[in-house]
Amino acid sequence: MAALSGKVVQHNLVAKCCQQDRELSTKYRLYYCTLSRRNLLPPVGGKLAWNGNSTMQLDALSKFKRGIVYCNAASSSTAIPTVEKSNFLKLQNGSDIRGVAVDGVEGEPLTLTETVTEAIAAGFSGWLLAKKKNVSSKCLRVSIGHDSRISAQKLQDAVSRGLARAGVEVIQYGLASTPAMFNSTLTENEEFSCPVDGSIMITASHLPYNRNGFKFFTSAGGLGKPDIKDILERAADIYKNIANDDSKGAETAASLDVKRVDYMSVYASNLVAAVRKAAGNIEKPLEGFHIVVDAGNGAGGFFVGKVLEPLGAITSGSQFLEPDGLFPNHIPNPEDKTAMKAITKAVLDNRADLGIIFDTDVDRSAAVDSSGREFNRNRLIALMSAIILEEHPGTTIVTDSVTSDGLTTFIEKKLGGKHHRFKRGYKNVIDEAIRLNSVGEEAHLAIETSGHGALKENHWLDDGAYLMVKLLNKLASARTSGLGGGSKVLTDMVEGLEEPAVAVELRLKIDQNHPDLQGGSFRDYGEAVLKQLENTVELDAKLLKAPVNYEGVRVSGYGGWFLLRLSLHDPVLPLNIEAPSKEDAVKLAHDVLNAVKEFTALDTSALTKFVGV
Ligand SMILES: O=P(O)(O)OC[C@H]1O[C@H](O)[C@H](O)[C@@H](O)[C@@H]1O
């Protein structure tokens, strides 16, 4: 004990207090712990309204670099307009919530106000409480993290108030990644107030700077569509109370403490440990490797200082690591061509062994080898499949619907696995992999062309950083076993993947106000378009409908294929075409155009342009 520093003693005391926190269920618990913690910790900056860069603030505030600091949640005091329940429900975007959080963009009015956010957070508390039967809200703790968006701080404060209003213990992580937030529901570490009962990530992934949104997690994973609907319904009711000047609730919220914890250090140290373990417990298995990271000014900058450098990698030439919610360099999105060009250039300019790029909240990623060859979309899936099939021969790889025929051949013929092409949407893909396992079909990888990927070994958490850890393991272990350095080991793994000469995605918009919809939904209209296409294809001997298909209409012909489907969220029918030549791709596009041209609410101009009519 004598060897323990003051800080460690303090952390232990805090941990003990939090342990008591968990055990106490009386109404005095919060009061007791608030007092105890105040005695233990240095007084840190009063009210919750920090502005600006939260990582920097967190670093500056937390001299310990670890552990917990405190602040109080201040309530907002602006006039509150009425928001109908239907408008709350419109904030649902699949299994996420998304809205406009920054005013000033023409035609995009504010939908995610502070009060709406507060109500949503309180709605989540209600949902969580209902799940954890016989538990008082005071026994629940919820972590909050955010990406680099300019509205992050404002929404974090509002989420904190909403949770505090519901009596839940609030723990702020500041700048964080989405996968880290899920991880905080699993980590067993009282020193960092883990595990939490629920977690909220404030992010809108790669969307423009004025948007923001929420993802929610429990230890069972990300919440699904019905849960989000439930939360929004609860939020609409709670909102009414807040709007009717629920000053008592606001006062309660204002007086409650929230904690700040540097959880990203815990999460990153797990990634470091995973690479060290895979390399045979070598402290610096990446020594001598030059790896550049492009975080696109999102939340992924931590990967350089907290993962790659402790593992011994050289990281000079890494770019856009500083959080900047205006995304001044490129959209943080591995599906974006400009973003991929930026990381490719960084790799070539720095003669690096490998390039890594993340999306804003680090649940998606892609890589680039030393020759500038991109590992994204089908090629990233092929690479990850090769790695996973080495570890689990014969396993099923679940992917989204827009994956190529060449990928199926590669997984099944070259790697000896099974390709289960399912629907678009990372949650759909993950849930399908979990379902397959539950009915006795072994699946270890669920991955989308978007760069979302989840592994069974990593709790089915879709984690862009963990995908990259699997590549790092490969680099490190190849060198240990004398196979030489550099990214050639990765490049060799996708050898034999057939890639189409032409691959395009055209997004055909449905005009929701068009009289052709006759007041019906765009989904019904889209379904009618798909039915018409299906009927036309059946009459055409040159075209063959895919025998097994889970989404839209997928058809082979002219040596290639197309898939027309409804977008997961938008009034859009995305059309993917892959073919051995532009001429063949145009033939496929022509067939689609002929089948759907009577649907006047469907904007086929992109298709018309492509076929050159
Ligand atoms: O259906 P789309 O409009 O192409 O969008 C589909 C995509 O939506 C979101 O971005 C999800 O995070 C992705 O998992 C999904 O693939």
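Two strands are taken to pair if DSSP finds at least two bridges between them, and the elements named below are DSSP runs numbered from the N terminus, helices being H or I with at least four residues and strands being E with at least two. The model is predicted, so that local features need pLDDT of at least 70 and side-chain atom pairs count only at pLDDT 80 or more, while totals for chains, interfaces and linings use all residues. Residues are numbered from 1 along each chain as its sequence is written, and side-chain values use heavy atoms, with hydrogens and water left out.

**View 1. The four-stranded open sheet.** Strands β10, β11, β12 and β13 form an open sheet in the order β10-β11-β12-β13, with mixed pairing. Because β10 (291-294) and β13 (374-375) stand at the edges with a single partner strand each, one side of each is left without a neighbour in the sheet. Strand β11 (residues 354-358) runs antiparallel to strand β12 (residues 365-369), and five bridges join them; within this pair, glycine 355 stands opposite valine 368 of β12.

View 2. Strands β21 (residues 553-557) and β22 (residues 560-564) are joined by five bridges, and glycine 557 has glycine 560 of β22 as its bridge partner.

View 3. A polar side-chain atom of glutamate 448 lies 2.6 Å from a ligand oxygen atom, one of serine 567 lies 2.7 Å from a ligand oxygen atom, and an N or O atom in the side chain of histidine 569 is 3.0 Å from an oxygen atom of the ligand. The protein covers 87% of the 390 Å² of accessible area that the ligand has on its own, by the Shrake-Rupley method with a 1.4 Å probe.

**View 4. Two loop residues with backbone features.** Cysteine 194 and proline 195 are joined by a cis peptide bond with omega of about 0°, and proline 195 lies in the loop between α7 (178-183) and β6 (198-202). Asparagine 281, although not a glycine, has a positive phi of about 60°, and asparagine 281 is found in the loop between α10 (263-278) and β10.

Definitions and conventions: Polar contact = N/O pair within 3.5 Å; in protein donor to acceptor, adjacent residues only side chain to side chain.
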